[in-house]
Amino acid sequence: MNILVVGCGKVGQTIVQQLSKEKHDISVIDVDAGVVSDMTNAYDVMGVVGNGESYEVLRAADIESADLMIAVTDSDEKNLLSCLLAKQVAGCNTIARVRNPIYGGEIRLIKEALGLSMTVNPEYAAAREIGRLLKVPSAIKVETFCRGRIELLKANVMEGSILDGCALVDVDAKIGIDVLICVVERGDEVVIPKGDFVLQKGDRISAVMATEKVPAFFTSIGESSRPVRNVMLIGGGKIAYYLADSLHKSGMTIKIIEKDPARCTELAEKLPGCIVIEGDAADQEVLLEEGIAEMDAVVTLTGIDEENIFLSLYAKSISKGKIITKITRLSFDNIVDGLDLGSVVYPKKITAESIVRFVRAMQNSYGSNVETLYNLIENKVEALEFVVREMADYVDVPLAELERKDNVLVAAIWRNGENIQPNGRTRIQVGDSVIVVTTQKGIDNLNELFHKKA
Amino acid sequence: MVFNVLGLVLQFQAVFLLLPCVVSGIYREHEGFSFLIVALACAAAGTLLRRIKTQNKQIYAREGLVIVALAWIVLSFTGAVPFVLSREIPSFTNAFFETVSGFTTTGASILIEVDEMSKCCLFWRSFTHWVGGMGVIVFIVAILPMTGGQNMHLIRAESPGPSVGKLVPKARESARILYIIYLALTVLQILLLLAAGMPLFDAVTIAFGSAGTGGFAVRSSGVASYTPLMQMIIALFVILFGINFNFYFYLRGKHKKDAFKISEVRWYLTIIAASVAIITWNIRGLYQHIGDALHHALFQVASIMTTTGFASADFNLWPVLSKSVLILLMFIGACAGSTGGGLKVSRVLILFKSIRKEIEHIIHPRSVRAVMMDGRSVPQEMADGVKTYLATYAVLFAVSCVLVAGFEMTDFETVFTSVAATINNIGPGIGGVGPMANYAWLSLPSKWVLIFDMLAGRLELYPMLILLTPELWRQK
């Protein structure tokens, strides 16, 4: 597909990185010539220097033959304007980043009025992800499928855990809950395990289960699932605002620590139920005084990644609560993963994931659609949710009789409001939501994964 | 990684070398065997090199330059061996000179009796022009899927011009479009030459020579023995091959008008027209009809400006004004993004605009003025790059002149134009290396200096110069 990306900031770069891996024809536009030349050197894309709101510049990037335009400059208004222009002259699909909270309530209206295909708000999406993590504090990562009714959780197998030394076939019987462990990370290795795989302490597992079973799952594997009551947010940016707003509504006590007095006043006005502390989080005294040690959860959200990492390491050392670190810019994922930072949230990746999902769904408007897509382990394992819309040769055939590509696991099937734990006899039906975990790349259709045996 | 790409280049060279074998089969010549032997050797060496395992799969700007420079040396080396093996050109230096001259589309020859050469050698000589014109690496990128954005570094190192961009988002697709345009124009020229009554072998080889703006002819008399109509077809096509290929890309697409807005193309055509006018007026006395004068002026201007180097007349005998204009054209060269050499019209344009800006700055010290090209301001970095390029070029030129002058006992004109004709990839100069003479009489050291100049000129200096920097070798 021909894709035009306007704005090569952090989000723009991540999107281009993902999409160029999937072999799309990509052109990028940015006002900064240096950034554009960096992009064209790093990826196989065409660069145009200029303003994405100008028709002349859009034309230079061949907007007429574009299928999709993604506007992710730092200005919401510019993004909307260039999308509007692209829609008018080229009739292509458009995605705009709109992140100012003042548009938050009107986003549907804006989307419809301007004919946008999608809007993305990385800060809001990050806040939602953090919110989900706080509701399941024992999990390192939580992804949801089927509108939140099935969850995919990442958790560590602790020493002495019931799962330590347990073969996968015995897991259900041992803990008495239907779960499916679909990915195991052991050291640098990533496996999609079979039934005879034996878990060890130190493994990091990803498990799929119905949402209502989550607390029981953690109780049975011996992790407390005590709900989070007190949360400290360090840094009062946009994510903190969205997060505090939603957490407060669900009854948690929120404390926000922010350096800038003007921003503090603003937050205090917008979030009357939250405690806003004006102080520098780099000062240990401030943190201790505000009770960081007694918090159920600490979320570091300052604008500087390095500061967030340090604050999280510190919080981990004195608190037993849940720690969540936001990382915006750093690209040293493997180093970050090696640190004991609790859960790490990357706003730019969440946005890129949602755009990649949209692109794959666009590419494939028949058969089964990609509804959700998560990059479970950076560039290694993806979890995808498909809705089976029409008859195909894999429908109504027992899974065991289908010819499957390697490393493909059907993790769950959602049918008529019920989670079906798939086994060899399960048959996929039209109307099902199928959740697949795979190491295959760039899948946009169930057809690519399995076929009826000839 | 460098060796892997070189292995790939060798494998392609093996395929290229099979073509003259086919030609020798058609004409029943036994020289084809030497090509076959070298082709097999290249294929074997290439396969071995590609087996080398490397940890570093990335090609950065530096690797790009090194790979391209080495690839061209390897190509010329392997391309020269068949000449020596078949005893057509017994001296290795001469064979290497001839092949480098072919791949760099210079067209400077050391052959005295072209007519006596075998057809397959003549075909190979012309074919090197065709491959060298658009670039071997570009060809490989167009054909093979290479992953990552890094192959742009390779294309950039091989393609001429101050700024090399893409036509479409994917490097491979861009390279393919370039070659399709290139191939289509070549085929068109072959057909037209055939229609004008040229024999097939001549039509194909001359078309290769014009397409790469090279200039190897297949007869001792050069192109002077062809009819005026054929000469006009050649002149027209070398002008077309000297145009920035973006022009054709725009013509193909939806924005046909944009093609004529490229200021480089406009200036290129203007300079050709002006030079033809001056020279026609200057040489009108030498020919019976003003029409003949116009014909020869146009042919020579087209041939020299695009750095092809075919000659329909001995311009060595022309008045000094005409010769001076031609020498000036040698340095300006063709458009960036074409197959021609020289400084490139766009660089000259940027230089002139920078000069104007500087003068204005002296008159109004506080004035702020941007250098504009095609309605956009030229980034300062690019303008500076062009100035540095000119300076480097001047230094290389001066050093080469002094070296050649030291090795040869000859007049200034010959020394000056032999360097100018090789560094700008033209071929014939003036004086002892004029259109009716050749480079065979030069001493060995001068030939090696000129070989370096041809490669440096074709690859736009830096890839060759980077090979001379000690740091590069120390790091490896």
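**Helices, cores, domains and a sheet**

Mentor: In this predicted model, the axes of helix H14 (residues 290-305) of chain B and helix H15 (residues 320-332) of chain B cross at roughly 30° and come within 8 Å.

Trainee: How many nonpolar residues does the contact of H14(B) with H15(B) hold?

Mentor: H14(B) contributes Gln300(B), Val301(B), Ile304(B) and Met305(B) to the contact. From H15(B) come Leu326(B), Leu329(B), Met330(B) and Ile332(B). Sorted by type, the residues of this contact include no charged one and one polar one, and the nonpolar ones number seven.

Trainee: Which residues touch the most other members of the largest nonpolar core?

Mentor: In soluble globular proteins, nonpolar side chains tend to be buried together. Here the largest nonpolar core has 144 residues. Those that touch the most other members are Val9(B), Val68(B) and Ala71(B).

Trainee: Which helix gives the largest share of this core, and why does the core lie between two domains?

Mentor: Both domain 1 (2-241) and domain 2 (371-475) of chain B give residues to this core, so the core lies between them. The largest share, 12 residues, comes from helix H3 (residues 61-85) of chain B.

Trainee: With which residues is Ala71(B) in contact, leaving aside its neighbours within four places in sequence?

Mentor: Ala71(B) is one of the residues that touch the most other members of the largest core. With the neighbours within four places in sequence left aside, its contacts are Leu6(B), Val9(B), Val136(B) and Ile137(B).

Trainee: How many residues belong to the other core, which lies apart from this one?

Mentor: Among the members of that other core are Val36(A), Val48(A), Leu116(A) and Leu376(A). The number of residues in this separate core is 139.

Trainee: How many residues on the side of domain 1 of chain B that touches domain 2 of chain B are charged?

Mentor: The C-alpha centres of these two domains lie 21 Å apart, and the contact takes 27 residues from domain 1 of chain B and 27 residues from domain 2 of chain B. H3, helix H4 (92-103) and helix H7 (151-158) of chain B each supply at least two residues of the side belonging to domain 1. That side divides into 15 nonpolar residues, 11 polar ones and, as for charged residues, one.

Trainee: Into which domains is chain A divided, and what distance separates the centres of domain 1 and domain 2 of chain A?

Mentor: Chain A is divided into domain 1 (2-120), domain 2 (138-220), domain 3 (230-345) and domain 4 (357-452). Taken over C-alpha atoms, the separation of the centres of domain 1 and domain 2 of chain A is 39 Å.

Trainee: Which element supplies the largest share of the side of chain A that touches chain B?

Mentor: The contact takes 12 residues from chain A and 10 residues from chain B. Strand E2 (25-30) and helix H2 (33-42) of chain A each supply at least two residues of the side of chain A. The largest share, four residues, comes from H2(A).

Trainee: Which are the edge strands of the open sheet of five strands in chain A?

Mentor: The order of this sheet is E7-E8-E11-E9-E10 (chain A), with antiparallel pairing. An edge strand pairs on one side only, and this holds for strand E7 (141-145) and strand E10 (189-191) of chain A.

Conventions: Residues are numbered from 1 along each chain as its sequence is written. Chains are lettered from A and ligands numbered from 1 in the order in which they are written. This is a predicted model: local features need pLDDT of at least 70, side-chain atom pairs count only at pLDDT 80 or more; totals for chains, interfaces and linings use all residues. Two residues are in contact if their C-beta atoms, placed from the backbone, lie within 7 Å. Domain bounds come from an automatic or database domain assignment. A nonpolar core is a set of buried Ala, Val, Leu, Ile, Met, Phe, Trp, Tyr and Cys residues joined through C-beta atoms within 7 Å. A residue is buried if 20 or more other C-beta atoms lie within 10 Å of its own, exposed if 12 or fewer, and partly exposed in between; C-beta atoms are placed from the backbone. Ala, Val, Leu, Ile, Met, Phe, Trp, Tyr, Cys and Pro count as nonpolar, Asp, Glu, Lys and Arg as charged, and the others, Gly among them, as polar. Two strands pair if DSSP finds at least two bridges between them. Axes are lines fitted to C-alpha atoms, for helices over the stretch in contact, and angles run from 0 to 180 degrees between N-to-C directions.
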